[in-house]
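Hi,

Here is the structure I promised to pass on to you. My notes on its pockets, its core and one of its strands follow below.

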Amino acid sequence: MLEQILARKRLELEEAKQKRPLQQVLDSATPTAPRPLSQALLDERLNIIAEIKYRSPSRGDFVCKRSPRSIAESYLENGAAALSILTERHFFNGSLGYLEEVRQEQPEAVLLRKDFIVDPYQVAESRAAGASAFLLIVAALDRPQLQQLIGGGQEYAIEPLVEVHTARELETALESGARLIGVNNRNLTTFEVDLQTSFDLARRLEGESGLVLVSESGLKERAPLLELREAGFSGFLIGSHFMDTDDPGKALRALLE
C-alpha cells in the first residue's frame, strides 16, 4: 500500500510543479512562520494533536462529515494543543485546501500537514499553506532524502515531525538530525496496532536530551496516555477515535476529562 501511495504522490507532484513553480509557492508564504509544533507540546498536560481526516485505507470512511473549519473550531475549543490535517487526496480524501481553510479561520493554531512528503517542493508548499510542521515518514524515504527534507524544513522555517516504526528507523532519524520524533504504533505492512512500539522506542531514548516525542495511532483511552507521558512522550496524535463520532471535539473533551 505504501508503495502505491508514493507512486501516486510522485505523479501528483510533477503536475503540481508544472501548474505552480517553486518560486511562486515561496512568494505566497507569509514572512512570519507559525508557532512551532514542538513548542505547543511543552505544556505539562496531555497535549493532543487532534486529527482531521475523512478516510483511511485500513478503516474506510469515518463517521464525521463536518467541514474542516467546523471540526478545527470544535477541537480547539475542547482542548487540542495542535491539529493534524490529512492532505493526501486519493487514499485519504484529504486536500491541501483543508489546511489553508483552517489556517485562514484559526490564525493562531498550530497545524501539522500530514501527507507523504518526498520532495522539498512539498515542504515549501506546506509552509505556504500555513502549516507549522510537516510529516516525514522514514519508511518512505532513503537517508539522503530524509536529510534533504529535514534541511528543507530549516530552510523554509517549518518543523519536520519525523515518523518511525522500528529501532532501525529511529536510528536513521536521529542520525539525520531529527529532534521532533513521532512513533507510529501502526505497522504499515500489516496495519496492526501495538502501543508497545512507543514504549519500546522511548526506552531506547533514555538519557537523550533535546528530543520531543509524539506517540501516534491506536490511542483512545486516558490511562495509556498517562503511561506514555511518564515514558517520555510530550504529544499524542489521535484521529480515528475522534473522527469515528458525530462530534470529534466532544470525543476529545471526554478523553481529556
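The second largest pocket has 18 lining residues, and nearest its centre lie Glu12, Ala16, Arg89, Leu96 and Glu125. A pocket here is an open set of points on a 1 Å grid over the protein atoms alone, where a 1.4 Å probe fits, with protein on both sides within 12 Å along at least five of seven lines; lining residues have an atom within 4 Å of a point. Its volume is about 400 Å³, meaning the space filled by probe spheres set on the points, with points joined across faces, edges and corners.

Please bear in mind that this is a predicted model: local features need pLDDT of at least 70, side-chain atom pairs count only at pLDDT 80 or more, and totals for chains, interfaces and linings use all residues. Residues are numbered from 1 along each chain as its sequence is written, and side-chain values use heavy atoms, with hydrogens and water left out.

Which helix gives the most to the lining of the second largest pocket? Helix 1 does, with six residues, while helix 5 (96-105) and helix 6 (120-129) each supply at least two. Helices (H or I, at least four residues) and strands (E, at least two) are DSSP runs, numbered from the N terminus. By type, this lining has ten charged, four polar and four nonpolar residues; Ala, Val, Leu, Ile, Met, Phe, Trp, Tyr, Cys and Pro count as nonpolar, Asp, Glu, Lys and Arg as charged, and the others, Gly among them, as polar.

The largest pocket has a volume of about 590 Å³. Its lining has 31 residues, with Lys53, Lys114, Asn184, Arg186 and Ser217 closest to the centre. That lining divides into 15 nonpolar, eight polar and eight charged residues.

Asn184 also belongs to strand 8, where Leu180, Gly182 and Asn184 point one way and Ile181 and Val183 the other. All five residues of strand 8 (180-184) are buried, that is, under 20% relative accessible area with a 1.4 Å probe, protein chains only. Strand 8 pairs with strand 7 (159-164) in the parallel sense over three bridges, where pairing needs at least two DSSP bridges. Glu163 stands opposite Gly182.

Finally, the largest nonpolar core has 84 residues, and Ile48, Tyr75, Leu136 and Phe242 have the most contacts inside it. Such a core joins buried Ala, Val, Leu, Ile, Met, Phe, Trp, Tyr and Cys residues through side-chain atoms within 4.5 Å. Strand 6 (133-137) gives the largest share, five residues.

Best wishes

Terms used: Buried < 20%, exposed > 50% of the residue type's maximum accessible area, 1.4 Å probe, protein only.
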